Amino acid sequence: MRLSYALKGKRVWVAGHRGMVGAALTRRLAREDCEILGAGRDELDLRDQAAVKAWTRDRKPHAVFVAAAKVGGILANRDHPADFLYDNLMIEANVIHASHELGVEKLLFLGSSCIYPKHAAQPMRETDLLGGPLEPTNEPYAVAKIAGVKLAQAYRRQYGDDFISAMPTNLYGPGDNFDLVGSHVLPALIRKAHDAKLAQRDSIEVWGTGTPRREFLHVDDLADACVLLMQRLSADEHVNVGSGQELSIRALSELIARVVGFRGAIVFDPAKPDGAPRKRLETSKLDALGWSPAIGLERGIAQTYEWYCRNYDLVRL
Ligand code: GDP
């Protein structure tokens, strides 16, 4: 494989290394013979510009993965728009600017498929960015992520920094947030199905109509794709990272119920928001690099459920 950027022997900062994505990147980077740097929230507040500058000057990373973000599901986004916009703008501006000032060799910024217009043609291509209005339920988060993509691009254009962006589809995996209100659909349904099974309840409640479709990518697959992009991609435009594994929320609920062993009814609550009808990513740019995901959805859910059971006390705090 031709590498344009070798990670071997480099100091690699995974900003957000304790989050689901950052932890997956840390696991994956352990195979790359590099030194992994990370700072927990207690040590470094990424929203604090002076602190981020001081930390980067002190630790001098060669390469940076911007995996830190305030993330949450559809209701968390709806109810905390200021936090989603402010925290994400500050985190990405501080990390990208400090990396520029330090002369970091390579940086990968992580966005999200919600940056695309609500009614973009499916599957969504990289060029669909800014082609129409956003899905209102997560507009603040999307606006912040669009700003991050544009910021990385602007430093490349103005200063020649080798900063790139990856746009993952809906993610799931070990280390996810299983909170019933703040989480995304997949971990929320694992928890609901598991709790209902243990309590021998005869139904679980699923938000919305069940008709929206979502594509799911295991976070270990994302981490693998990000490492490949770090090594092989130097480009102005961001790159989609999808899985092709798309299904309706109804089908997802049934799959999760089967994996968890919950045999009761699945009841939809149409008073809760559906959000975007669909957001599948078109991945020919990534396909051209020879990458494809390795973890099928059913296996990925089973493995995530296992993780949930092993960490049951921790995730329910
Ligand atoms: P989104 O992809 O940004 O819309 O994020 P979510 O993962 O929060 O929601 C995806 C879809 O799953 C939406 O249509 C939700 O209404 C639906 N959904 C169904 N049940 C749940 C649940 O318990 N939690 C969450 N977060 N979403 C749910």
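I will take the sheets, then a helix pair, then some backbone points.

Please keep in mind that this is a predicted model.

Start with the six-stranded sheet. It is open, the strand order is β2-β1-β3-β4-β5-β9, and the pairing is parallel. At the edges sit β2, residues 35–37, and β9, residues 239–241, each of which pairs on one side only. From one strand to the next the twist averages 20°.

Now the pairings, working in from β2. β1 and β2 are parallel and share three bridges. In that pair, arginine 11 is opposite glutamate 35 of β2. β1 covers residues 11–15, and it also runs parallel to β3, with four bridges between them. There, tryptophan 13 faces valine 64 of β3. On to β4: β3 and β4 are again parallel and joined by four bridges. Valine 64 turns up here too, opposite leucine 107 in β4.

Which way do the side chains of β3 point? Ala63 and Phe65 go one way, and Val64 and Val66 go the other. All of these residues are buried.

α5 touches β4 and β5, the latter being residues 163–168, and the direction of α5 makes about 155° with that of β5. α7 touches β3, β4, β5 and β9, and its direction makes about 145° with that of β4.

α7 has a helix partner as well. α1, residues 20–29, packs against α7, residues 219–232, with the axes 8 Å apart and an angle of about 60°. With that angle, α1 counts as oblique to α7. The crossing of α1 past α7 is right-handed. On the α1 side the contact involves Met20, Val21, Ala24, Leu25, Arg27, Arg28 and Leu29. On the α7 side the residues are Val219, Asp220, Leu222, Ala223, Asp224, Cys226 and Val227. What is the make-up of this contact by class? There are 10 nonpolar residues, four charged and no polar ones.

Next, the other sheet. This one is open too, with three strands in the order β6-β8-β10 and mixed pairing. β6, residues 170–172, and β10, residues 246–248, are the edge strands, each pairing on one side only. Here the twist averages 45° from one strand to the next. β8, residues 213–218, is antiparallel to β10, and three bridges connect them. Glutamate 215 stands opposite glutamate 246 of β10.

Where is the cis peptide bond? It joins glutamine 122 and proline 123, with omega at about -10°. Proline 123 belongs to the loop between β4, residues 106–110, and α5, residues 139–159.

The other two points are positive phi values. Lysine 60 is not a glycine, yet its phi is about 45°. It sits in the loop between α2, residues 49–59, and β3, residues 63–66. Lysine 60 has a relative accessible area of 44%, so it counts as partly exposed.

Glutamine 200, also not a glycine, has a phi of about 55°. Its loop lies between α6, residues 185–198, and β7, residues 203–207. Is glutamine 200 buried or exposed? Its relative accessible area is 72%, so it is exposed, the cut-off for that being over 50%.

That is the tour; I will take questions now.

Conventions. Residues are numbered from 1 along each chain as its sequence is written. This is a predicted model: local features need pLDDT of at least 70, side-chain atom pairs count only at pLDDT 80 or more; totals for chains, interfaces and linings use all residues. Side-chain values use heavy atoms; hydrogens and water are left out. Axes are lines fitted to C-alpha atoms, for helices over the stretch in contact, and angles run from 0 to 180 degrees between N-to-C directions. Angles under 35 degrees count as roughly parallel, over 145 as roughly antiparallel, 65 to 115 as roughly perpendicular and the rest as oblique. A crossing is left-handed if the near helix is turned anticlockwise from the far one by less than a right angle, and right-handed if clockwise. Contact means heavy atoms within 4.5 Å. Ala, Val, Leu, Ile, Met, Phe, Trp, Tyr, Cys and Pro count as nonpolar, Asp, Glu, Lys and Arg as charged, and the others, Gly among them, as polar. Buried means under 20% relative accessible area, exposed over 50%, partly exposed in between (1.4 Å probe, protein chains only). Two strands pair if DSSP finds at least two bridges between them.
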